[in-house]
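Trainee: I'd like to learn how to read a model like this one. Could you walk me through it, feature by feature?

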Amino acid sequence: SMADKLIYLATPYTGFKGSREEAYRLACLKAAELMEEGYTVFSPIAHSHSIEVEAGWHPKSGEFWLKQDFAILAYCDELWVYKLPGWDTSYGVAEEIKFANSYDIPVKEIEYA
């Protein structure tokens, strides 16, 4: 069933066409919506943005976060790409898709209305 699947919700962050705060908010809202529909979801941006803010870090590099994120993505059943503005030129999203493809993790795209 869908509830047994762990979904990794990929969204653009530094590549988002807008502020990082807005990218974070939209990622959280989509994760919440999917969770309410019964899905089990991990949003790397919800996790990393809040940690950066509380730790007072200047944004860490994409490589820093991908090391954290890939450790989780490796255990996920599906990668869902939420097509927020900038998703198609986002370094992080592209790397997440490459990783998923190399580990035979199915990739699905979700439209942004």
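Trainee: Is phenylalanine 16 buried or exposed?

Mentor: The labels go by relative accessible area: buried is under 20%, exposed is over 50%, and partly exposed is in between, using a 1.4 Å probe and protein chains only. Phenylalanine 16 has 8% relative accessibility, so the residue counts as buried. Keep in mind that this is a predicted model, where local features need pLDDT of at least 70 and side-chain atom pairs count only at pLDDT 80 or more, while totals for chains, interfaces and linings use all residues. Residues are numbered from 1 along each chain as its sequence is written, and side-chain values use heavy atoms, with hydrogens and water left out.

Trainee: Where is phenylalanine 16 found, and which residues is it in contact with, leaving aside neighbours within four places in sequence?

Mentor: Helices (H or I, at least four residues) and strands (E, at least two) are DSSP runs, numbered from the N terminus. Phenylalanine 16 lies in the loop between strand 1 (6–10) and helix 1 (20–36). Contact means heavy atoms within 4.5 Å. With those neighbours set aside, phenylalanine 16 touches Glu22, Ala23, Leu26, Leu84 and Pro85. Its C-alpha atom is also 9.6 Å from that of aspartate 88, 72 residues apart along the chain.

Trainee: Next, the sheet. What is the order of its strands?

Mentor: Strands of a sheet pair through backbone hydrogen bonds, either parallel or antiparallel. For counting, two strands pair if DSSP finds at least two bridges between them. Here four strands make an open sheet in the order 2-1-3-4, with parallel pairing. Strand 2 (40–42) and strand 4 are at the edges with a single partner strand each, so one side of each has no neighbour in the sheet. From one strand to the next, the twist averages 30°. Angles run from 0 to 180 degrees between N-to-C directions, and axes are lines fitted to C-alpha atoms, for helices over the stretch in contact.

Trainee: How many bridges join strand 1 to strand 3?

Mentor: Four, between strand 1 and residues 78–82 of strand 3, running parallel. Alanine 10 stands opposite valine 81 in strand 3. Helix 1 packs on this sheet, touching strand 1, strand 2, strand 3 and strand 4, and its direction makes about 155° with that of strand 1.

Trainee: And how do I read aromatic pairs?

Mentor: A pair of aromatic rings is described by the distance of the centres and the angle of the planes. Rings of Phe, Tyr and Trp (its six-membered ring) pair if their centres lie within 6.5 Å; planes under 30 degrees apart are stacked, over 60 edge-to-face, and the rest tilted. That rule gives eight aromatic pairs. Tyrosine 8 and phenylalanine 42 have ring centres 5.8 Å apart and planes at 50°, so they are a tilted pair. They link distant parts of the chain, with tyrosine 8 in strand 1 and phenylalanine 42 in strand 2, 34 residues apart. Tyrosine 8 is buried at 0% relative accessible area, and phenylalanine 42 is buried at 17%.

Trainee: What kind of aromatic pair do tryptophan 57 and phenylalanine 64 form?

Mentor: Edge-to-face, at 5.7 Å centre to centre and 85° between the planes. Tryptophan 57 is partly exposed at 34%, and phenylalanine 64 is partly exposed at 30%. Trp57, Phe64 and Trp65 form one aromatic cluster.
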